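Subject: Structure handover

Hi,

Here is the structure we talked about. Please open it alongside this note; my findings follow below.

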Amino acid sequence: MNDDFKKKVNEKYEEKLQKGERFWPDSIYKDLLVSFALFILLIGLATFIGIHPEPKVDPTDASYVPRPEWYFLFLFEFLKYFPGEIEWVGAAVIPGILVLALILLPLYDKNPFRHYSKRKFAIGLMTFIVIGMIGLTINAVITTPPQVETEIAGSLTEQIVLGQDLYSIQCVECHGPDGEGGEIAGVEGLEGVIVKSISSTDEMYTRNDGSLFDIIAYGQPNLGMPPFGGAYGGELTPSEIEYMVAFMRYSWDDRAEIPADAVAASAIPTLAEGEVPSYEVHISAVSKRYCMSCHREGKENNEYLMGSYEEILKSGNNVPNLVAGDLNSILLQTIQQNEVIGVDDETIGVMPPKKELKPEFVDMFIRWVEAGMPESASEAAALSVEVAPEVEGEVAPEAGVEETPAP
Amino acid sequence: MFKKIYAWLDERVGFDGLYKNLLDRPEPHGNWWNTLGSASLFLFIMQGATGIFLTVYYTPSPDHAYDSIQYIMNGVAFGWLIRGIHHWGASLMVLIVFIHMLRTFFSASYKYPRELTWIVGSLLFLLTLGMGFTGYLLPFNQRAYWATVVATEIGGVVPGIGDFILKALRGGTDVSALTLSRFFSAHIWMLPAALAGLIGVHLYLIMRHGESAYPDQDD
Amino acid sequence: MAGSSRISRRDFVKVVTIALSSVMGAALGIPVIGYLIDPALKVQSSEAWIPLGPLENFPLGSPKSFSFTRSSVNGWEKTVNSYGGFILRKTETDLLALSSRCTHLSCSVNWDEGNNNYACPCHAAHFGSEGEVLDGPPPAPLDRYETKIEEGNLFIFFQKG
């Protein structure tokens, strides 16, 4: 590059400056508009799309599909085309050369021309590389298998509620709905084993969250408790076990106060007078808490599953379990502590086998069957009898109470 | 009163000189593509600001990183907004810096006398990618953990020194508390310091040579 | 372009610059202030009856110390705090439960059997057996807990926030 050439370039630039604009206000105005647009875009993305919640680190989870951030995907995909022995070529040599080529570009690009028409090779090569990167990225996105989504609790309240659901499914069959323990009934291999309470002060004060986590994850095989952690052959992720620990701690440890909204969120809805319960709102909440620990796939339960409306009516060896309007339905009898003879002349014991269902829940089932077992909340609402709200001085018509004069 | 303060400051700072040298500079006619550099700077500043605020609650340890971010997202007022901007700003910054670089390439602005501006700029691009890479681990969730395992493993396949690179990146043989704290340090101190310094050089060079003009037929 | 229109364009850009910058500053600045001071705005209140065991464990006449722990959630962490105090059983059922926290700067006071008073180790303050200030800098007597006896067990009422 000789001095004449440099002089020519500089003179030309001066000329362009003469015919040009000012940084302030011309450029800044455009810069500002673009920056402002990006700002709005960012706020919009943060507000309306947010950040996809991800589960906590779990090195043992073999089903997780690792993927880098999207702008590294092309490189990730690129490595697919390099077999083991020459992987280092794709991982180090080629990217290394490209990065160096990028940085040092002005030093080896000796083409003095700047106009597009005179830089066909350079522009062609760069276009090819960029299209290649885009293509690799698209290919990587297309070929990524779908990630298994797990439920993620954000706040403590959500953790406790999710933890209670998990506890109800996984633990209730042996430990009871309130961790009270007792004699195990109806669990394969553990029939008759006496389990101590896990919700007592003794337990709660002497085991910290870490111990509780380990006991659930690893189990206590010598005492009969199987492992639940994915790393030890169970089916729970570390996050799920943490939610269970949060539920146990905040529900049973009298030193820790459970957040009020967690109590409200996990409470089973109560019924007003004349209100007809629905499967969606009431029955599923009770069956999830008290029945599903045994009445789910893979348990000894006469094939009777209670995971959905369909299952609760039509699964199992003793169909029909429930008949609309029939108060002698099998399920209603067993939860009222009456044994029933099933189809194979086999006795169906009382349910739940260990601890009677609270009377208000039994009542809920009875009212539900009486009303014809509505599935959704809206169906139930349509069947409900409007009872006038008890205003002072007014008494519901069929209450049968002597009218009391208003004070 | 206000005028007095202004006069006092002007005497010492020299607003006039600042105005002449920084703002009132002549430029060749540009177009909207010329705004990408300042947009990159804007995003860098946004990332810096939101990043600083995130460190108020974020804790770089494997036991607390995840929970502290859950707290930022759900427990602190506007935590979701600060982290949301930082999260999306990172992606946007990589994109904008890359397009800015392509613009410079296609308009051949890297040629004499702006070779060094290009070299510094391409280093800035690599540092931006480095920020993305190190920041990705910090939430310490599944995605972060596995991406870092795989990415550091890629460093490990370099013949001869691969094992060394892997250990140097991870601070040991495993992705551990050491990995998290060195990524954190790189993400909030080393890389931003390098970025800020090189941005200064980049801006100085731009002011020294002026913004490049788009090439004509005869260039 | 004529000079006058040039100036008005400048002014226009100036106004737009200031306006957009302020919008961005406010859109980010106001949430940031909320973000930073958020923990100070959270009310953490808790109250409960704390069991202290059978009443007969507390002798008549001289103060006996007790302690209990409560956990509260700070951010993402559970903090377990210990609290202590003294029970003075004046008669069979007349009880006085004092917090051991000095009302000056929250050091723990101790019962000094010989001098019949509570001594604070920090600034040499003394409280009488009823918690009243005898000497030293404390601005108020020791805090009292409400007590109740149920089935022979003693409970105190803990309140915070």
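A salt bridge here is a side-chain nitrogen of Lys or Arg within 4 Å of a carboxyl oxygen of Asp or Glu. By that rule, the whole structure holds 21 salt bridges over all chains. This is a predicted model: local features need pLDDT of at least 70, side-chain atom pairs count only at pLDDT 80 or more, and totals for chains, interfaces and linings use all residues. Residues are numbered from 1 along each chain as its sequence is written, chains are lettered from A and ligands numbered from 1 in the order in which they are written, and side-chain values use heavy atoms, with hydrogens and water left out.

Salt bridges

Lys196(A) pairs with Glu203(A) at 2.9 Å, N to O. Lys196(A) is exposed, at 52% relative accessible area, whereas Glu203(A) is buried, at 11%. (Buried means under 20% relative accessible area, exposed over 50%, partly exposed in between, with a 1.4 Å probe and protein chains only.)

In chain B, Glu153(B) and Arg170(B) form a salt bridge at 3.1 Å, N to O. Glu153(B) sits in helix α7 (142-155) and Arg170(B) in helix α8 (162-170), so the pair ties together parts 17 residues apart in sequence. (Helices are DSSP runs of H or I, at least four residues, numbered from the N terminus.) Glu153(B) is partly exposed at 41%; Arg170(B) is buried at 6%.

Helix α8 of chain B also holds Lys167(B) and Asp163(B), four residues apart, which means about one helical turn between them. Their closest N and O atoms are 3.9 Å apart in a salt bridge.

One network links Lys12(A), Lys16(A), Asp216(B) and Asp218(B).

Helix packing

In chain B, the axes of α4 (65-74) and α5 (79-106) come within 6 Å and cross at roughly 110°. That makes α4(B) roughly perpendicular to α5(B) (65 to 115 degrees; axes are lines fitted to C-alpha atoms over the stretch in contact, and angles run from 0 to 180 degrees between N-to-C directions). Ile69(B), Ile72(B) and Met73(B) of α4(B) make the contact with Gly79(B), Trp80(B) and Arg83(B) of α5(B). (Contact means heavy atoms within 4.5 Å.)

In chain A, helix α13 (279-290) is mostly covered, with nine of its 12 residues buried. Among them are Tyr279(A), His282(A) and Arg289(A). The buried residues of α13(A) pack against α7, α8, α12, α14 and α16 of chain A.

Best wishes

Note on methods
Helices (H or I, at least four residues) and strands (E, at least two) are DSSP runs, numbered from the N terminus. Angles under 35 degrees count as roughly parallel, over 145 as roughly antiparallel, 65 to 115 as roughly perpendicular and the rest as oblique.
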